[in-house]
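Dear colleague,

Please find below the structure that I am handing over to you.

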Protein chains: 2
Amino acid sequence: MVLPRAARTQRRTRIQEEKEELILEAALEVFATHGFRGSTIDQIAEVAGMSKPNLLYYFRTKEAMHRALIDRVLDSWLDPLREFDAEGSPVSEIRSYIRRKLEMARDFPRESRLFANEILQGAPHIEDELKGPLKTLVDEKAEVIRAWAKAGKIAKCDPYHLIFAIWSTTQHYADFDVQVRGVLGDERAGEGRFEDAARFLEQLFVSGLEIRDGTA
Amino acid sequence: MVLPRAARTQRRTRIQEEKEELILEAALEVFATHGFRGSTIDQIAEVAGMSKPNLLYYFRTKEAMHRALIDRVLDSWLDPLREFDAEGSPVSEIRSYIRRKLEMARDFPRESRLFANEILQGAPHIEDELKGPLKTLVDEKAEVIRAWAKAGKIAKCDPYHLIFAIWSTTQHYADFDVQVRGVLGDERAGEGRFEDAARFLEQLFVSGLEIRDGTA
DNA sequence: GTAATGTTTTACCAACCGGTCAAATTATCA
DNA sequence: TGATAATTTGACCGGTTGGTAAAACATTAC
């Protein structure tokens, strides 16, 4: 049979699993650095080490590839926020959330850039996810933070903007890596920059949210 | 004469000024939302309301258009940081820097996205500017902040990461606007979000940098 | 082994892309 | 006004793009 991939209902073969993996890995590389429109199937095929038609045998369109990639990555991308625990102590929860996000920026910069590209260009492919699952999750965690503030455990602040601030500062080290390296110069652009960033951000957010006269 | 634009040494015509303006405006719109590789000359021509060859009469290549756009925008983009004043009081300088950056994110989101796209995709066209003029300016201002910290006027912190944090948090509202709107929902996605953001960020950075036991 | 199924390749297509050219049109100014 | 220079356009070009068709090749199940 030569039924196109999407029409197959049977369970996938070993080769299918391997090749789809290989393709999505290559697609991540390419989409992350050029965005959807700036990427070409030929490029992805070359990175994956296979011919274009072969690639199109597994994913019938460029869109399907992108879709599959987003679906696979989005879920794990939100894990750090899911771990955010209402029962924990506010300071240590926020501190470790920052640390987890920073680790993801360091260890999975391509995933970060994939989303950055997508959102920057108007999120044409993931708008539903933003307004759906993502919003729901953020709403939930924002409520936790709001409760902490109300209970006097941290300074009063807008929980949504707090979350945005944590996202932006941490993802900055993945998305704007070239700029960070360029500005820091060769001497300070090594892996140590993530430690420095972690130290700074923890200080900023922890003491920035401490209760003091006038803010509580 | 039909000399290409770049070869003309005489002073520019009224029509030239107007059309180049029109083109760069359209180019900003398109490049900002699709990145360099994702944008097409036809698209820009359509937005500018002129034919493709007409557009290429003013800028001989797509690169030349992008170059001209970057050159024009980069300078004004750095103005808020230039205004950062060593003689002012640390708290008010940082506070007003945040405010200026946030105003730019609100009033010139396309400019912000133009750079974001460029840097995200590896800064292939502006790497020199990053390592040159930008780095120089940041180095200078970082020294100012370091001096403030040394003099005990603000908490000790890494000035570079402080600057990165201000950049990322403020530009987030331009670059990731769809996401911000999506998460905030229709009710809170109005212009008021910039006021809320300003309030939050000023609180975060000001009290985050205040001197207290153990940090000074 | 062989038949059925799954995979890969070669050759190809129509649309689009960045860019050119020459002719037509319009603005400028003596 | 007319000559000259500046601007605009339509037709076109070679290369690239996303995607297809069909046949060759490999794998698996019996």
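How many helices and how many strands does the secondary structure of chain A come to? It comes to 11 helices and 0 strands, where helices (H or I, at least four residues) and strands (E, at least two) are DSSP runs numbered from the N terminus. From the N terminus on, the elements of chain A accordingly read α-α-α-α-α-α-α-α-α-α-α. Along its principal axes, the C-alpha trace of this chain spans about 70 × 45 × 30 Å.

Two notes on conventions are needed here. This is a predicted model, in which local features need pLDDT of at least 70 and side-chain atom pairs count only at pLDDT 80 or more, while totals for chains, interfaces and linings use all residues. Residues are numbered from 1 along each chain as its sequence is written, chains are lettered from A and ligands numbered from 1 in the order in which they are written, and side-chain values use heavy atoms, with hydrogens and water left out.

Domains of chain A

The domain assignment, which is of an automatic or database kind, gives domain 1 (5–73) and domain 2 (78–208) in chain A. Their C-alpha centres lie 29 Å apart. In chain A, 16 residues of domain 1 are in contact with 10 residues of domain 2, contact meaning heavy atoms within 4.5 Å. The area buried between these two domains of chain A is about 1200 Å², with carbon and sulfur atoms giving 61% of it; buried area is the accessible area (1.4 Å probe) that two parts lose on being put together, summed over both. Ala32(A), Ile70(A) and Val73(A) supply 39% of the area that domain 1 of chain A buries against domain 2 of chain A, more than any other three residues.

The two chains

Chain B can be laid on chain A with an RMSD of 0.1 Å by a turn of 180° and a shift of 0.0 Å along the axis, the copies being superposed by least squares on the C-alpha atoms of residues with pLDDT of at least 70 in both. The two copies are thus related as by a two-fold rotation axis. In chain B, the C-alpha nearest the axis belongs to Gly208(B), at 1.8 Å from it.

Between the chains, 58 residues of chain B are in contact with 58 residues of chain A. Together the two chains bury about 5100 Å², 64% of it on carbon and sulfur atoms. Leu120(B), His161(B) and Val183(B) supply 14% of the area that chain B buries against chain A, more than any other three residues.

DNA strand D

Helix 3 of chain B gives the largest share, 4 residues.

A base nitrogen of DNA strand D is 2.9 Å from an N or O atom in the side chain of Lys52(A).

Yours sincerely

Notes
Polar contact = N/O pair within 3.5 Å; in protein donor to acceptor, adjacent residues only side chain to side chain.
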